[in-house]
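Have the structure open as you read.

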Amino acid sequence: MITRIADNTRFDTIAGNISNLQDVMSRASDQLSSLKKINRPSDDPEGATMVLNLRSAGASIEQYKENIIGGETWLKVTGLNLSSINNLLLLAEGVAQNAQGASASGRTTVANSLQDSSNQILSFANAKLSGRYMFSGSKTDTKPFPDSTSAYEGDSQSLLVNIGQDSSTAAYNITGDAVFPASTGGGVTVFEKLDDLIAVLRDPVSTGADVYDAIVEFKAASQDVQTLLQDNITKTTAMVSNLEFTNNHLTYLKDRVEKMLSKSEDADVSKLAMEFQMQALVLNATYTVAGKMNEGSLLKFLS
Amino acid sequence: MTGANIGNVNTPGYTRQRADLVTTGSVNVESGRADFGVRVDSIERLYNRYLETQLVDQAQKLGFDQTRQQIMGRVEGVFNETGGSGLSDSLNQFWSSWETLSSNPSSQVARYAVVSTASNLSSLFRENSNVLIGVQQDIKDSMTSTVSEINNLTAEIAKLNEQILATGAEDGSSNSLLDRRMELLKGLSKDMNISYYENDNGVLSVFLSGGRLLVGGSSSAQLYVNSSDGNVTLGSDATSLNSVITGGRLGAMIAMDGTTVEDYSDRLDRLADGIVTAVNDLHTTAWGAGYKDSVIDPPIPAEGHVNSFDGSVASGGDFRGIENATYAMKITTGGLFGAAKYQISTDGGKTWGVENTTPGSGIISMGDGVDLTFTNSGVTNRLAAGDAYYVNAYPAGYHKDIGPVFFDDTATGARNMRVGDAILADPQNIVPFVSGNDGFIGNPIVPILAEGPLNSYDGTVSSGGTFTGDVNMAYAMRITTIGGAFGAAKYQISTDGGKSWGVESITPSSGVISMGDGVELTFTNSGATNLLTVGNTYYVNAYPPANFSTARLIGAAKDNLFMDGGAATFNDFYASLVGRVGSDVNSIDNSIERNTAATNQLMARRDEASGVSLDEEIINLMKYQFGYNTAGRLAKSANDMFDVLMALGR
């Protein structure tokens, strides 16, 4: 126990207390103004590390979600294009049917119409999304079907996006060779058969049997392609729903991460405001005491 | 004395003084002697040596912590991520920009975004690194001024020693000198860790930790600091004292400069270098799908000979070669391991090396890290002459140079991190995607001879076609029956390097044999016989195209454990660096709090003994005044008595 109080002790104690209180107040007001518990790493080193990790996780999840949305868009457009090709083939089959027993001029009309179909199908098969060919596998800058006679110029590779940590990826494309089987001659069967049919129809010496055979061959090739189209349309739908599932999961994760982040870094405002007021009260009391320091002196009493 | 005390109420280190009064001027009276007089015998310093020693020690601790706190205050600013505009966020944005580019490889905006986030990231790294370097330089500068302050203090202490010795310490005449010296000693202790000793004459000797004399009597030794390497030396001795000075402000500066800040700086450098290397590796070189898979096929028996070993045989090891190779081992002299002899071929059996005795362990090194291990689990465990084993090894993928370095790689360290010139000059130089067969290096043919017959075909053989597979493959074709010309000879195809064989077919007369997945083996009839012999075997290794999304892989690099020898991601590494800085600051703050409290307690104790209390002095003043008044009254009474006596005698 201190039995003798020197004047320095009295003044130093008050000064020290005031400075301590001001430090506490300043930290509390930092937290109040930023609404964050952690305003510098030393406020809570573990918490600061956690906050950074959570923020990185949040940014990653955000990015994965964006990737998924990009992939979904690609797949949905892919599905639409495949359906369009399917419809065009169906239409072409119907038109081709009209050529049977048609006159020479009728055959030419059908041939012209089929030529249009062929061009349209090719243009869908060569569709681009944001500047990239959709059906050429990983060779997105290569036109997959340059014309009706050439072979598929793309590859069988999948396009991938990152959808999770540990390098989890999802494929989001359908390659051209999966829907348009190659012919033995190196081209694409359905285009070749369509070309053959058009040639037969335009050839004045073609017999009805020639036309019939050509139609049958085209229809067989078209049907093959349609089966593949249906399969792949189903596949895109499945891929989209897989991506959506992942996206939902990521949304849930993001929510969790945000809650954890808020718990780790957000200040409890009502509690802080209470504390702040309490400290302000104590500080005021200390100022009052400091102001009356001299009144407790013998000198004051004597004078 | 009371006047001196009141006057010095606010003098730091002033020790309250008290006059020692003794009686004097005694006179003889009838009954004996009476003491009428008083004089000041000496002036006593009310002083507690033990407390002063503790205060000196505490000053050193506080000096150490306060300096560390000041320095860390600046360092913590570098790592303050709470605002959300620090390195961590910049890093997240950087990785995200790559993924966005990966989804939109042809987008100009995405390319510029990559360049701009990379530039931001690099400039933050440089800025932060420069702050740390600046802090280190400032520490060295402060060391210079602290050392000169120390030199002044020691010189002054030496001077005071001389004066105290001359004045003599006993009668209180050197009290103010002693107070002054104690204050200087505390100042010195605040600057560095010292030990000291006061001899009977009142002369103070000051030592460095480790016993080197700093102040001895009236002389003091000078410290020097080298402003470039921060080494502190004493006098003409060039030995660095940095390991000895571990306390006070100077100790804090040495520790901060050489250890703490250096460590942060080093970690920041490692992070920057790690990112630069990872991104550049991915951006400059595309690897085939076989990358990092040193596939080693299980052994295949030689054609025409049944392997006699009835234990198990496996291939293993870590293939270090850079090209595909087919290794072969054949037994030249039969027998048990340790007795049987063997030869190794590194070209699939075309040429054979020197004959060696098989090791008793049963592990035979094929070269380039590939081992063939025989496990003695059968009945005979014998090797027969003619036994042969093949192992196909694939290097860590074929690769292709694809783009310029993304980050400049001419200098390392965070302070030198910047986006490469080629990329800055034109963001078109970013390679977000290596499309299709660009990564395809080719399918080299490795025609090897089966053990036994000679390769009889005397035309040319080549491999070709477009490989459509997506993993590394080793194809083989062997002539099975009849032999003879194309169109007559029969063959089988293996898609696993000869381990298992497909159905037997007749060779086409064209001489073009399809191996599968678009790979073809073409025999060109340019020789004399053009005959195929049973047992002729041809191998073709094929590599898939490098379907390689640079941007996606760089984006995914954030989740790869590139740091701490495969234990942490970049973000983890940085977050733990921030945590480390935070906890360092935190522990210094706590230490300061503790030491400040201890110092205040000691100061209160010291002031209890030595501090001036005005109330006390006023009471003393009143007491002395009262004594004086009374003495005056006595004098007046005596005077009155004399007056009466004089009047009587008149």
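## The sheet in chain B

Four strands of chain B make an open sheet in the order β3-β4-β5-β6, with antiparallel pairing. A word on terms: strands (E, at least two residues) and helices (H or I, at least four) are DSSP runs numbered from the N terminus, and two strands pair if DSSP finds at least two bridges between them. This is a predicted model, where local features need pLDDT of at least 70, side-chain atom pairs count only at pLDDT 80 or more, and totals for chains, interfaces and linings use all residues. Residues are numbered from 1 along each chain as its sequence is written, with chains lettered from A and ligands numbered from 1 in the order in which they are written.

The edges belong to β3 (194-198) and β6 (219-220) of chain B, each of which pairs on one side only. Here are the pairings, one by one.

| Strand pair | Sense | Bridges | Residues opposite |
|---|---|---|---|
| β3(B) and β4(B) | antiparallel | five | B:I194 and B:L208 |
| β4(B) and β5(B) | antiparallel | two | B:F207 and B:L213 |

The turns have glycines to look at. β4(B) and β5(B) form a hairpin with four residues between them, and B:G210 in that turn has a positive phi of about 105 degrees. The hairpin of β5(B) and β6(B) has two residues between its strands, and B:G217 there takes a positive phi near 60 degrees.

Now for the nonpolar cores, meaning sets of buried Ala, Val, Leu, Ile, Met, Phe, Trp, Tyr and Cys residues joined through C-beta atoms within 7 Å. "Buried" means 20 or more other C-beta atoms within 10 Å of a residue's own, with C-beta atoms placed from the backbone. The largest core has 106 residues, and B:V75, B:I157 and B:A272 are among those that touch the most other members. Helix α4 (residues 108-167) of chain B supplies the largest share of this core, 18 residues. Another core, of 38 residues, lies apart from it and includes A:A92, A:A125, A:L197 and A:V225.

Contacts here are pairs whose C-beta atoms, placed from the backbone, lie within 7 Å. Leaving aside neighbours within four places in sequence, B:A272 is in contact with B:F125, B:G413, B:A414 and B:M417.

Helix α10 (residues 614-649) of chain B is hardly covered, with one buried residue among its 36. From first C-alpha to last, α10(B) reaches 51 Å, close to the 52 Å expected at 1.5 Å a residue (1.5 Å times one less than the number of residues).

## Chain A and where the chains meet

Chain A has eight helices and four strands, and 36% of its 303 residues are buried. Where it meets chain B, the contact takes 50 residues from chain A and 52 residues from chain B. α2(A) gives the most to chain A's side, with 13 residues.

## How confident is the model?

The model scores ipTM 0.76 and pTM 0.70. Going by pLDDT, the predictor's confidence in each residue from 0 to 100, chain B has a mean of 81, and 85% of its residues reach 70 or more. Over residues 288-305 of chain B, pLDDT stays under 50, though the model has 73 contacts beyond four places in sequence for them.

Technical notes:
Two residues are in contact if their C-beta atoms, placed from the backbone, lie within 7 Å. A residue is buried if 20 or more other C-beta atoms lie within 10 Å of its own, exposed if 12 or fewer, and partly exposed in between; C-beta atoms are placed from the backbone.
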